[in-house]
Amino acid sequence: MRKSGLWFKGEKALVWTGILGLVLAWLCGVGALVYGTEHVTGEGLAKAASFNAALGVFLLSTAAIAPMAAWGRRGRAVFRWSYILLSLYAYFAETVQHMRGVNPRFVENGTAFDAAVATGFTFDALLLVLLYLFFAAQFFRKRSYHQQPAVVLSIRYGMAAVMLSFAGGVLLSVNGGRFMGAEGNLIWFHGLGFHAVQVLPFVAWLTLRSTLPSAFSRTLIHIFGISFICGLATIGWQTLLGRSLVEWTALPLAALAFFLVAAAVGARALLEAILRPRVVKSDHHEALTLR
């Protein structure tokens, strides 16, 4: 059964919280330009801009798919407002502390306030992960799948990628920073997986806008999802070895191949939606036709 108009439905507060992150990112970016990234404050504001933008986009993506989660009004409200409050704290910690020239996660020779903010940030991040685990689980229930099978199938793959990125975030905290070994950088593995909840549902939406048979649409989504996750996992493996992603060795080349396959599937879905769009009839038109 297909339902249209589910995207973002009832999630205005979460949408505005995501937009707040983009606004803060812009302000921090301006601050970084004013101070210069060679200055401690400017470098910190550049990092805050990146974090706020990433969290803002992630919240907007979550708001888009939240109406398709298989839980009741109360459960959805608990998740929404809990996530908003936790995200506001994350915005605060990243922005205010970096404005003060203090690392909000790993404090060195800071005040009691700095230590408290860092401790709160650790618990905040863990709660964000835990809540999202419950959120992700809702898409693996039949009630969710029956609302819009193709889109929910893509969301399931997206959630698997997000869990890998959350694991990268936990590892980043345990490691005490983004760098591993000689040239490994956890930030790529940590950040890339979150984009899965944007690109995968978009590919699914494109297949729904085309005349592709449902079975073939699901095949495309499977190929895209598996390729994306394999590419992400390969990047993680290379990073754990403490090696750079920019080298002509097996793992980076394998990751590139996986992402090229995903890109090809996305291009195919886009072309189908443009060249062979599905004609969507209104309920009024269908009623007249039945008469």
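Which helix holds Arg76? Numbered points follow.

1. Arg76 sits in helix H3; helices (H or I, at least four residues) and strands (E, at least two) are DSSP runs, numbered from the N terminus. At 17% relative accessibility, Arg76 counts as buried, where buried means under 20% relative accessible area, exposed over 50%, and partly exposed in between (1.4 Å probe, protein chains only). Leaving aside neighbours within four places in sequence, Arg76 is in contact with Lys9, Gly10, Glu11, Ala66, Pro67 and Trp71; contact means heavy atoms within 4.5 Å.

2. On the basis of the numbers: this is a predicted model, in which local features need pLDDT of at least 70 and side-chain atom pairs count only at pLDDT 80 or more, while totals for chains, interfaces and linings use all residues. Residues are numbered from 1 along each chain as its sequence is written, and side-chain values use heavy atoms, with hydrogens and water left out.

3. On confidence: pLDDT is the predictor's confidence in each residue, from 0 to 100. The protein averages a pLDDT of 86, and 94% of the residues score at least 70. Over residues 281-291 pLDDT stays under 50, and the model has 1 contact beyond four places in sequence for this stretch.

4. The largest pocket has a volume of about 1,300 Å³. On a 1 Å grid over the protein atoms alone, a cavity is a set of points where a 1.4 Å probe fits but cannot get out, and a pocket is an open set with protein on both sides within 12 Å along at least five of seven lines; lining residues have an atom within 4 Å of a point. Grid points are joined across faces, edges and corners, and the volume is the space filled by probe spheres set on the points.

5. The lining of the largest pocket comprises 39 residues, and Phe51, Arg105, Leu172, Ile187 and His190 lie nearest the pocket centre. Two or more lining residues come from each of helix H2 (40-65), helix H3 (73-99), helix H4 (112-137), helix H6 (149-175) and helix H7 (186-192). By class there are 23 nonpolar, 12 polar and 4 charged residues in the lining; Ala, Val, Leu, Ile, Met, Phe, Trp, Tyr, Cys and Pro count as nonpolar, Asp, Glu, Lys and Arg as charged, and the others, Gly among them, as polar.

6. Ser144 belongs to helix H5 (residues 142-145) and is buried, with a relative accessible area of 0%. The Ser144 side chain reaches the backbone oxygen of Met68 at 2.6 Å. Apart from neighbours within four places in sequence, the contacts of Ser144 are Met68, Ala69, Ala70, Gln138, Phe139 and Val152.

7. Asp114, in helix H4, counts as buried at 3% relative accessibility. Beyond four places in sequence, Asp114 is in contact with Gln97, Arg100, Val102 and Val107. The C-alpha atoms of Asp114 and Asn103 are separated by 8.6 Å, with the two residues 11 apart along the chain.

8. Phe8 is in the segment before helix H1 (12-35) and has a phi near 65°, a positive value in a residue other than glycine. Phe8 is partly exposed, with a relative accessible area of 39%. Lys12, in helix H1, counts as exposed at 62% relative accessibility. Lys12 and Ala63 are 51 residues apart in sequence and 8.0 Å apart in space, C-alpha to C-alpha.

Terms used
A polar contact is a pair of N or O atoms within 3.5 Å; within protein, one must be able to donate a hydrogen and the other to accept it, and residues adjacent in sequence count only if both atoms are side-chain atoms.
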